[in-house]
Amino acid sequence: MVTINLYQARGFDIQIDFPSCWDDLTKNEVLEICKLQLLNPSSNADNRVSFFFFLIETRAKEKGVQLPEDFKEKMDLEVVAASIFLLDFLYTENNLTIQPHKKIEVAGKQLIGLENDFENITCGEFECLELLFHEFNDAPSAEVLAKMCAIIYREKGMPFQEILKDKLETYDFDKASKPFLEVKAWILYSAYTWYCGCRLNLPNKFPTVYEGNGESTEPDMLAFTKCIHSGAGVKNGTRNQIRIMPLLEYMFEMEQEAIKVKELNAQHNV
């Protein structure tokens, strides 16, 4: 957080904690920036100004301060220009890992969101979300976002996948996605934004797994599915058993294996 001071003679004198990363944003602030990005996708400059004043107003209200209606006009333009650059992080990186919707009501049902920073996501959930993530990037649509949300938000105690009689049964997220189409677009997009932030944080946790050879390649939609197939065996169990395993647990195992391979290659100058 960065603290800025708003002062107007005989008006107000307040300090506001200004966010310095996505996880410093409140749920309403995440929704606001998602709304602006959807409504004005090519107007980053305008969006920054709009979001800057939104932050000022909402955070002042949280401190019990009602700013005058004309406070925008009375603010020093140099101060505004100098402060807006603090929002650069919104357009240069996405490190949102705090779940914006721990609970969400859809079609009269209370749904529970996956936990912060992929803490409880399973390999199977991640596998399916990855396919939808790439699909959305190739052809953005509300339908794809709704399917992602149907995986991320489910009724309490509803497993995504379970093995019954040696067969993997998967939650019908396609059917469950239909009510999400009635949800406001920026709420759906905020879930996608959260997924992207958690996804981008995985290389920080498992750097050896994500080490590349420096060559540029096309995104592989089935990259994680291939990881599941290659990891199946005595140690990790069947492919379906891996799918119901926590993602972070499986990736920790992958990291240890990758480190061993790297050390062996170094010993043999490979």
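Student: What percentage of the 270 residues of the chain count as buried?

Tutor: This is a predicted model, where local features need pLDDT of at least 70, side-chain atom pairs count only at pLDDT 80 or more, and totals for chains, interfaces and linings use all residues. Residues are numbered from 1 along each chain as its sequence is written, and side-chain values use heavy atoms, without hydrogens and water. Buried means under 20% relative accessible area, exposed over 50%, partly exposed in between (1.4 Å probe, protein chains only). Of the 270 residues, the buried share is 42%.

Student: How many of the residues of H6 are buried?

Tutor: Helices (H or I, at least four residues) and strands (E, at least two) are DSSP runs, numbered from the N terminus. Helix H6 covers residues 123-138. Its buried residues include Cys123, Phe126, Leu129 and Phe133. H6 is largely enclosed by the rest of the structure, because the buried count is 12 of the 16 residues.

Student: What distance does helix H6 reach from its first C-alpha to its last?

Tutor: The expected span of a helix is 1.5 Å times one less than its number of residues. For the 16 residues of H6, 22 Å is expected. The model comes close to that, at 23 Å.

Student: Is alanine 107 buried or exposed?

Tutor: Alanine 107 sits in the loop between strand E3 (103-106) and strand E4 (109-113). Its phi is positive, about 55°, although alanine 107 is not a glycine. With a relative accessible area of 64%, alanine 107 is exposed.

Student: Is aspartate 117 buried or exposed?

Tutor: Aspartate 117 lies in the loop between E4 and H6. Its phi is positive too, at about 55°. With a relative accessible area of 16%, aspartate 117 is buried.
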